Amino acid sequence: MPETEPRTPDPQGQDRPRVTASAIPADEPADPPAGAPAPAPASAPASQDDSTGAQRADRIQAARIETARSETAPTAAGPTAPAPTAAGPTAPEPTGRERADGPAHADPTSRRARKAKAREGRSPLFLWLKEVATVVVVAIVLSFLIKTFLFRAFYIPSESMVNTLDVNDRIFVNLLVPEPMALQRGDVVVFRDSQGWLAPAAPKAKGPFTWVQDGLTFVGLLPDNSEQHLVKRVIGLPGDHVVCCDAGGQLTVNGAPLDEKYINSAEIPQVRDFDVVVPAGKVWVMGDNRNHSADSRAHMDTNGGFVNESDIEGKAAVIAWPLNRMSALDNYPDVFRGVPAPSGK
């Protein structure tokens, strides 16, 4: 508001500044009302009044700036999330790991970034060799497991099983026989020589790569060629009465003659008389090439010629090599179908 009273001159010749509730005066003062005396010319006290008003305006402006800053500044609890705009949906809430470490692709030291950088620095040859090594390791592990629990490869060094098996044949033996799968008459079995049927094997000369062959044999990639195993056909099971021969020259089991279709037909078998009852836990075995097989008949002075079931490695199931002889081995169930059960069973 404009002043309603004229200023009273100060006794000392100076005007005393008056503070009113009116707004800060503008550059040009308003015209006095009618009848009021004209204001006195500006003097030094008027300059002091203008300075005070300017300082007050500066303080008000500074207060407004400070207020605006406090409203836009982040609080102590953390930055506030920006409000969603109409331009599109808001970004998804970051996960706990992203809050702590940020996105995995944004951090050059993250595990994903390190792996990607390592792959970029490797040559294609290195990656190919790594893949080959992985395949080889998996193959070795699988071969060892198969050789230990399912199948095992063996090498045939003799002619005792011709024509069923030839010399240098490689066969796979089912290790699940005789346990948990039961042994049957006619099965071709591989067993350890625990009764001394074979002459002791001569020590083999060690070469620079003998350890490689031994290792491959151990894991099952090469057949066992130790020549301390035998392969024969089971003729009599525990309790069976096996006799050679009847009036027709045929082998009998529990009184039933056998038409042995698996015998080598190139030669007439020589007759060797015997009459045995197979004890419990043992089997009677004979070779298909009867005239060239040192089987149970030739070792009756040792353990009665019987083979312990505990020495049986398994049942020969497949000829794997050579490829032109690859086939499954037959146990000729028709030959033994007419054999009755042992007496007392």
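Arg290 touches Ile235, Glu260, Tyr262, Ile263, Pro269 and Arg297, leaving out residues up to four places away in sequence. Contact here means heavy atoms within 4.5 Å. The structure is a predicted model: local features need pLDDT of at least 70, side-chain atom pairs count only at pLDDT 80 or more, and totals for chains, interfaces and linings use all residues. Residues are numbered from 1 along each chain as its sequence is written, and side-chain values use heavy atoms, with hydrogens and water left out.

Arg290 sits in the loop between β9 and β10 (307-308). Helices (H or I, at least four residues) and strands (E, at least two) are DSSP runs, numbered from the N terminus. The relative accessible area of Arg290 is 7%, so Arg290 is buried. Buried means under 20% relative accessible area, exposed over 50%, and partly exposed in between (1.4 Å probe, protein chains only). The side chains of Arg290 and Glu260 are joined by a polar contact of 2.6 Å. A polar contact is a pair of N or O atoms within 3.5 Å; within protein, one must be able to donate a hydrogen and the other to accept it, and residues adjacent in sequence count only if both atoms are side-chain atoms.

Arg297, one of the residues that Arg290 touches, forms a salt bridge with Asp295 through their side chains (2.9 Å, N to O). Both Asp295 and Arg297 are buried. A salt bridge is a side-chain nitrogen of Lys or Arg within 4 Å of a carboxyl oxygen of Asp or Glu.

The whole structure holds eleven salt bridges. One of them pairs the side chains of Arg325 and Asp166 at 3.3 Å, N to O. Arg325 lies in the loop between β11 (312-321) and β12 (327-328), and Asp166 in the loop between β1 (151-155) and β2 (170-174), so this pair ties together parts that are 159 residues apart in sequence. Arg325 also meets Asp169 in a salt bridge between side chains (2.9 Å, N to O). This second pair links distant parts of the chain, 156 residues apart, with Asp169 in the loop between β1 and β2. Asp169 is buried at 2% relative accessibility. Arg325 is partly exposed at 22%. Asp166 is partly exposed at 26%. Elsewhere, Arg152, Arg192, Asp311 and Glu313 are linked in a network of salt bridges.

Val276 belongs to strand β8 (residues 274-277). Its relative accessible area is 8%, so Val276 counts as buried. Leaving aside neighbours within four places in sequence, Val276 is in contact with Asp240, His241, Val242, Trp284, Met300 and Phe306.

The surface carries a nonpolar patch formed by Val137, Val138, Val141, Leu142, Phe144, Leu145, Ile146, Phe149, Leu150, Phe151, Phe172 and Phe218. Together they have about 1100 Å² of accessible area. Patches are made of residues with over 30% relative accessible area and no salt bridge; like charges are joined within 9 Å, nonpolar side chains (Val, Leu, Ile, Met, Phe, Trp, Tyr) within 5 Å. Accessible areas come from the Shrake-Rupley method with a 1.4 Å probe; for residues, only the protein chains shown count as cover. Helix α4 (residues 124-149) gives the most to the patch, with eight residues. Leu142 lies in helix α4. At 46% relative accessibility, Leu142 is partly exposed.

The protein chain has six helices and twelve strands. Buried residues make up 27% of its 345 residues. Among contacts between residues at least 6 apart in sequence, 71% join residues at least 24 apart. The accessible surface of the chain comes to about 23500 Å², and 58% of this belongs to carbon and sulfur atoms.

Confidence is expressed as pLDDT, the predictor's confidence in each residue, from 0 to 100. The chain averages a pLDDT of 77, and 67% of the residues score at least 70. Among the elements, strand β9 (residues 282-286) has the highest mean pLDDT (97) and helix α2 (residues 96-101) the lowest (49). Over residues 1-47, pLDDT stays under 50, and the model has twelve contacts beyond four places in sequence for this stretch. Residues 74-89 also have pLDDT below 50, with two contacts beyond near neighbours in sequence.
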